[in-house]
Amino acid sequence: MLTEIEYQKGWSDADIADWLAQQLNDALAQREGTVAVTVPGGSTPFPIFEELAKHDLDWQRLEFWPGDDRCVPADHEASNYGRLSAALSDTGASVVELTEDKQAPHFALAWLGMGLDGHVASLFPNTDPQADDPRQVRRLTPDPLPPEAPFDRVTLTLSKLLTAEALMFVVRGEDKLALFEEAARGDNDLPVARLLQAARMRIACFS
């Protein structure tokens, strides 16, 4: 049985940050020690991070991992790790660089975006991602290479994302939302559809 997706339409960046802060507070209250979450790159999440940073959280216990990254130095403008570190630099949270040899932790939450080609993280259609991938992290080459970021990628795999306690998506634009809803119905075989069809955890989609 497929997991029902909670659709929240018309939410502002501040609304999403409020929701995310509540999820993080709940996760922190439910366990001791570190709470790890994975988050996307691109332009969409950073205004949300700016709002999230205003919240009173136990930041010292929070660990943020990019769900994927470009294979560039941390100080390169295309580095998700670099941008994420800068965005959360005043909070006291830990930000971990995703590399091919990293052993990713258990994630309380996996926050993902989606491209118009149906990719999630850096799992592009040409990479043929599988829900039962034996690896947690892979280095991949998108084809075609996005002109705005023509770099090899390192990414969490579908199998790793499927171990998260919950998934959240922020999907801006009617075209993207229509593609996401099509994937959720199983009407395409894009990477996002493979993830959603195999998911058995709570899923929220904000648009």
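Two strands count as paired when DSSP finds at least two bridges between them. With that in hand, hello everyone, and let's look at this structure, which is a predicted model.

I'll start with strand 9, residues 166-170. Strand 6, residues 107-112, is joined to strand 9 by 3 bridges, and the two run parallel. Within that pairing, Trp111 stands opposite Met168 of strand 9. Strand 9 also has strand 10, residues 202-206, as a parallel partner, this time through 5 bridges. There, Leu167 faces Ile203 of strand 10.

So how much of strand 9 is buried? Of its 5 residues, 5 are buried, so strand 9 is largely enclosed by the rest of the structure. If you follow the side chains, Ala166, Met168 and Val170 point one way, while Leu167 and Phe169 point the other way, and all are buried.

On to the helices, and I have two pairs to show you. Helix 1 passes helix 2 in a right-handed crossing. On the helix 1 side, the contact is made by Asp13, Ala14, Ile16, Ala17, Leu20, Ala21 and Leu24, and on the helix 2 side by Pro47, Ile48, Glu51 and Leu52. Sorted by class, the residues of this contact are 9 nonpolar, no polar and 2 charged.

The second pair is helix 5, residues 174-185, with helix 6, residues 191-198; their axes come within 8 Å and cross at roughly 45°. Helix 5 and helix 6 are therefore oblique to each other, and their crossing is right-handed. Helix 5 brings Phe180, Ala183, Ala184 and Arg185 to the contact, and helix 6 brings Val192, Ala193, Leu196 and Gln197. This contact divides into 6 nonpolar, 1 polar and 1 charged residues.

Let me finish with some details of the backbone. Most residues other than glycine have a negative phi, and most peptide bonds are trans. Where is there a cis peptide bond? One joins Asp143 and Pro144, with omega at about 5°. Pro144 sits in the loop between strand 7 and strand 8.

Then there is the loop between strand 6 and strand 7, where we find Ala121. Although Ala121 is not a glycine, its phi is positive, at about 50°. Is Ala121 buried or exposed? Its relative accessibility is 12%, so Ala121 counts as buried. Asp128 is also in the loop between strand 6 and strand 7. Asp128 has a positive phi too, near 50°, and is a residue other than glycine. At 43% relative accessibility, Asp128 counts as partly exposed.

Note on methods:
Residues are numbered from 1 along each chain as its sequence is written. This is a predicted model: local features need pLDDT of at least 70, side-chain atom pairs count only at pLDDT 80 or more; totals for chains, interfaces and linings use all residues. Side-chain values use heavy atoms; hydrogens and water are left out. A crossing is left-handed if the near helix is turned anticlockwise from the far one by less than a right angle, and right-handed if clockwise. Helices (H or I, at least four residues) and strands (E, at least two) are DSSP runs, numbered from the N terminus. Contact means heavy atoms within 4.5 Å. Ala, Val, Leu, Ile, Met, Phe, Trp, Tyr, Cys and Pro count as nonpolar, Asp, Glu, Lys and Arg as charged, and the others, Gly among them, as polar. Buried means under 20% relative accessible area, exposed over 50%, partly exposed in between (1.4 Å probe, protein chains only). Axes are lines fitted to C-alpha atoms, for helices over the stretch in contact, and angles run from 0 to 180 degrees between N-to-C directions. Angles under 35 degrees count as roughly parallel, over 145 as roughly antiparallel, 65 to 115 as roughly perpendicular and the rest as oblique.
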